[in-house]
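User: Hi! Could you walk me through the model I've just opened? I'd like to start with covalent links and then move on to strands.
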Amino acid sequence: MVSSSIIVNEPDEKKCLQFYFYIVGNSKCSLNVLTKTQNGFLSDILLTREKDYGDFWHLAEITLTPKENFQVIFEGLTKNNWMGVIALDDVDIKKSSCLPSGYCNFEGSLLSCTWYNEECN
């Protein structure tokens, strides 16, 4: 999925890409996020989420520092015998840096909490 072009008025001004993702299934899959400049240059992968995250929506945030107009690319990849779902919701770009990873304000909405559980091996 590719966003419409995002206009950069002030180069190097930090922006926060924020979205919710839902990944569930019985096979290996991954969600990658990258950017593409107006000149067609693709960034390195900015965020990857792999595995079954359970029947829950999870918040993801990425601080971007664009130098020129750009698009956001959400890439869903699957392996053989894919049986599952990758979904996105409430994609937004804010005009400031994202909150630090692990941040939670228990006085506010827990929906802005960046904590998430990791499966231990």
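This is a predicted model: local features need pLDDT of at least 70, side-chain atom pairs count only at pLDDT 80 or more; totals for chains, interfaces and linings use all residues.

User: Great. How many disulfides does a search of the whole structure find?
Analyst: The search finds one. Cys16 and Cys98 form the disulfide, with their sulfur atoms 2.1 Å apart.

User: And which hand does the link of Cys16 and Cys98 have?
Analyst: The link is right-handed, with 105° about the S-S bond.

User: Is Cys98 buried or exposed?
Analyst: Cys98 counts as buried because its relative accessibility is 13%, under the 20% cut-off. Cys16 is buried too, with a relative accessible area of 2%.

User: Nice. Switching to strands: in what order do the three strands of the open sheet come?
Analyst: The order is S4-S1-S6, and the pairing is antiparallel. Strand S4 (58-64) and S6 are the edge strands, each pairing on one side only. From one strand to the next, the twist averages 25°.

User: How many bridges join S1 to S4?
Analyst: Seven bridges join these antiparallel strands.

User: Which residue in S4 is the bridge partner of Gln18?
Analyst: That would be Glu61.

User: Remind me, what kind of hydrogen bonds do strands of a sheet pair through?
Analyst: Strands of a sheet pair through backbone hydrogen bonds, in either a parallel or an antiparallel way.

Technical notes. Residues are numbered from 1 along each chain as its sequence is written. Side-chain values use heavy atoms; hydrogens and water are left out. A disulfide is a pair of cysteine sulfur atoms within 2.5 Å. Buried means under 20% relative accessible area, exposed over 50%, partly exposed in between (1.4 Å probe, protein chains only). Two strands pair if DSSP finds at least two bridges between them. Helices (H or I, at least four residues) and strands (E, at least two) are DSSP runs, numbered from the N terminus. Axes are lines fitted to C-alpha atoms, for helices over the stretch in contact, and angles run from 0 to 180 degrees between N-to-C directions.
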